[in-house]
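Please open the model in a viewer and keep the selection panel at hand.

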Amino acid sequence: MRKPIQRRLLISDDVKEAFFNKKGIVALESTVITHGLPYPDNLKTALALEETIKQHGCTPATIAVIDGIIRVGLNLQELEQLAQDQSALKLSRRDMPYALSQKKNGGTTVATTMMIAEQANIRVFATGGIGGVHRGVGETFDISADLEELGRCNVCVVCAGAKAVLDIPKTLEVLETKGVPTISFGCDEFPAFYYRNSGVKGAYRLDYVEEIADLLIQKWNMVGWPDGLHFQGGVLIGNPIDPEFEYPKEDVETCIQQALAEMTVSGRDVTPYLLARLADLSQGKSKISNIALLKNNAALAAQIARSLSEKRS
């Protein structure tokens, strides 16, 4: 007789309580913990992001896979376990069945975090930067699954733009094709992760959190009108890095070109390699920028989640 399949998604008590009290909730991805930053910087940053969200009156929900179970909301012990697990997997959509069936630990990418957040009915998600169309795509065909899920999942993703190592104009073109509104928050040009201006405009500029919340309500027909339309898919908010922590475009590009020339990896290893190599070449400056923009995005996401919960109450 076959054993029953165990439940594979667990929501923490803190997150359940936030749902019960109609409190704003912000999802956080976990590849920044497993593959984005070294220990103990990864743990310190994860805790700082959660604290930032709490300070803005919302509940953080860090998402990861631990022992083959999808966790929505992690406690301190689970965060520490993930931060120190050097064998943890990087989990995009393709990798989830393997991780669940083999009872592995793993950090969820933007794509899988969006999928899980939507299943858990969490509408707002904060990350550093999204994946997208890689440079040299004509040779590699390397396009992140993040773009596919942005076109599918009803989640608002707050980021500092597409990662600077990508082809940003092509990334925005793909998002336009998939019907994803790309909002530049408080700026005209869509941000480029380490620096504020990519040279390419997003679809729209919005300057106030309340405007973003109103857009989400209209997109997903959250007002309950019988004749309202439901526009399937995500919304991408480009939140520029604070000028104090901006890493100049010229310096970033010099480092990227060297890193690309030295690169010997492919596939899902490309982005972690490039970010790590940039940290080395910039003598740690890019890592400082990375942590700063993560906190900045968490703060904005919490403000959006709080405004959205208030408008829906």
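What volume does the largest pocket have? The value is about 660 Å³, where a volume is the space filled by probe spheres set on grid points joined across faces, edges and corners. On a 1 Å grid over the protein atoms alone, a pocket is an open set of points with protein on both sides within 12 Å along at least five of seven lines, whereas a cavity is a set where a 1.4 Å probe fits but cannot get out; lining residues have an atom within 4 Å of a point.

The model is predicted: local features need pLDDT of at least 70, side-chain atom pairs count only at pLDDT 80 or more, and totals for chains, interfaces and linings use all residues. Residues are numbered from 1 along each chain as its sequence is written, and side-chain values use heavy atoms, with hydrogens and water left out.

**First stop: the largest pocket**

Select K90, T109, S144, R268 and T271, which lie nearest the centre of the largest pocket among its 30 lining residues. Next, colour α2 (31-36), α8 (145-152), α12 (270-281) and α13 (285-312), the elements that each give two or more residues to this lining; helices are DSSP runs (H or I, at least four residues), numbered from the N terminus. The most comes from α2, with 4 residues.

**Second stop: the largest cavity**

The structure holds 1 cavity of 30 Å³ or more. Select L28, E29, V32, I33, A46, L49 and T62, which line the largest cavity. Both α2 and α3 (41-55) give two or more residues to that lining. About 40 Å³ of space lies inside the largest cavity.
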